Amino acid sequence: MSKGRLLIVSGPSGSGKDTILKKAFERLDGVKFSISTITRPMRPGEVEGEKYNFVSVECFEEMIKKGQLLEYNNYIGNYYGTPKAPVEKVIKEGGEIIVEVDVNGHRNIKNMIDSAVSIFIMPPSFEVLKQRLSGRGTDPDEVINKRMESALAEIACAKEYDYIVVNDNLEEAVDDFINIVKSDRLCIERQNYLVDEVLKKC
Ligand code: 5GP
């Protein structure tokens with residue numbers, strides 16, 4: 001059985017990571033997505049259980065107490081966390097699961113699981129990022145400004161990742177993302193079993 005893989009994806013709000021992931025999932029077989037549990041209010045158009053499970057602060061803190069989260073962070077006043085059980089299940093079964101987390105989540109996961117492969121989605125420029133965030137029209141100015149501040153801090157951490165995908169041309173960015181996932185499937189760490197199988201048959 002191939003070795004399972006945890007893939008970590010980060011990028012500032014407005015970098016286009018959701019769009020890249022959505023398009024990549026249409027072309028990648030068998031990759032699972034980790035649904036985060038969060039306490040931020042639902043935005044228009046968001047669906048419970050699609051990308052996030054929306055819970056109360058009390059419920060989230062109960063999950064922390066029970067050790068049900070692989071990692072969690074407080075991002076601009078709201079909790080965001082990765083449920084542990086689904087990630088462990090997929091990895092144990094030799095599958096691939098993508099967690100989309102902020103830079104703190106990336107650091108925390110890498111400290112626990114150093115075989116995790118991480119990809120940072122980079123906006124082509126700060127100006128483009130600002131246009132994308134203001135153009136979304138879903139957040140008040142105060143939140144947009146906080147997201148811009150966070151974006152700068154997050155970009156400063158991009159060097160800690162294994163790969164960077166620049167989202168200038170969407171289709172190229174999706175291709176780059178898919179190429180990373182597919183190349184990772186071919187690495188020796190995940191294909192050791194093949195060598196043993198061939199040798200067994202000799
Ligand atoms: P948004 O509110 O724009 O959906 O997400 C804000 C930030 O939280 C993004 O950087 C996103 O990647 C991050 N995020 C989403 N889910 C998780 C999670 O489970 N854990 C952590 N640490 N960050 C998350």
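Ala-151 sits in helix α6 of this predicted model. Its relative accessibility is 0%, so Ala-151 counts as buried, the cut-off for that being under 20%. Neighbours within four places in sequence set aside, Ala-151 touches Pro-12, Phe-126 and Leu-129. Phe-126 lies 25 residues away from Ala-151 along the chain, and the C-alpha atoms of these two residues are 8.7 Å apart.

Helix α6 runs over residues 141-155. With 15 residues at 1.5 Å a residue, α6 should span 21 Å, and the distance of 21 Å between its end C-alpha atoms agrees with that. Which residues of α6 are buried? They are Ile-144, Arg-147, Met-148, Ser-150, Ala-151 and Glu-154. These buried residues pack against β5 (69-75), α4 (103-112), β8 (117-122) and α5 (126-135).

The crossing of α5 past α6 is right-handed. On the α5 side, the contact is made by Phe-126, Leu-129, Lys-130, Leu-133 and Ser-134. On the α6 side, Ile-144, Arg-147, Met-148, Ala-151 and Leu-152 take part. By kind, the residues of this contact are seven nonpolar, one polar and two charged. Phe-126 and Leu-129, which belong to the α5 side, are also among the residues in contact with Ala-151.

**Helix pairs in the model**

Two packed helices are described by the angle between their axes and the distance between the axes.

| Helix pair | Angle between axes | Axis distance |
|---|---|---|
| α1 and α7 | about 60 degrees | 9 Å |
| α7 and α8 | roughly 40 degrees | within 6 Å |

Helix α1 covers residues 17-27 and helix α7 covers residues 170-186; they pack at an angle of about 60 degrees. That angle makes α1 oblique to α7. The crossing of α1 and α7 is right-handed. From α1, the contact takes in Thr-19, Ile-20, Leu-21, Lys-23, Ala-24 and Arg-27. From α7, the residues are Leu-170, Glu-171, Ala-173, Val-174, Asp-175, Phe-177 and Ile-178. Eight of the residues in the contact of α1 with α7 are nonpolar, one is polar and four are charged.

Helix α7 also meets helix α8, which spans residues 188-201. Their axes cross at roughly 40 degrees, and α7 and α8 are therefore oblique to each other. Asp-184, Arg-185 and Leu-186 in α7 meet Ile-188, Arg-190 and Gln-191 in α8. The contact of α7 with α8 holds two nonpolar residues, one polar residue and three charged residues.

**A residue in a strand**

Thr-37 is placed in strand β3, residues 36-38. Is Thr-37 buried or exposed? Thr-37 counts as buried because its relative accessibility is 4%, and buried means under 20%. Apart from neighbours within four places in sequence, Thr-37 is in contact with Asn-53, Val-55, Phe-60, Met-63, Tyr-79, Tyr-80, Gly-81 and Pro-83.

Key. Residues are numbered from 1 along each chain as its sequence is written. This is a predicted model: local features need pLDDT of at least 70, side-chain atom pairs count only at pLDDT 80 or more; totals for chains, interfaces and linings use all residues. Side-chain values use heavy atoms; hydrogens and water are left out. Helices (H or I, at least four residues) and strands (E, at least two) are DSSP runs, numbered from the N terminus. The expected span of a helix is 1.5 Å times one less than its number of residues. Buried means under 20% relative accessible area, exposed over 50%, partly exposed in between (1.4 Å probe, protein chains only). Contact means heavy atoms within 4.5 Å. Axes are lines fitted to C-alpha atoms, for helices over the stretch in contact, and angles run from 0 to 180 degrees between N-to-C directions. Angles under 35 degrees count as roughly parallel, over 145 as roughly antiparallel, 65 to 115 as roughly perpendicular and the rest as oblique. A crossing is left-handed if the near helix is turned anticlockwise from the far one by less than a right angle, and right-handed if clockwise. Ala, Val, Leu, Ile, Met, Phe, Trp, Tyr, Cys and Pro count as nonpolar, Asp, Glu, Lys and Arg as charged, and the others, Gly among them, as polar.
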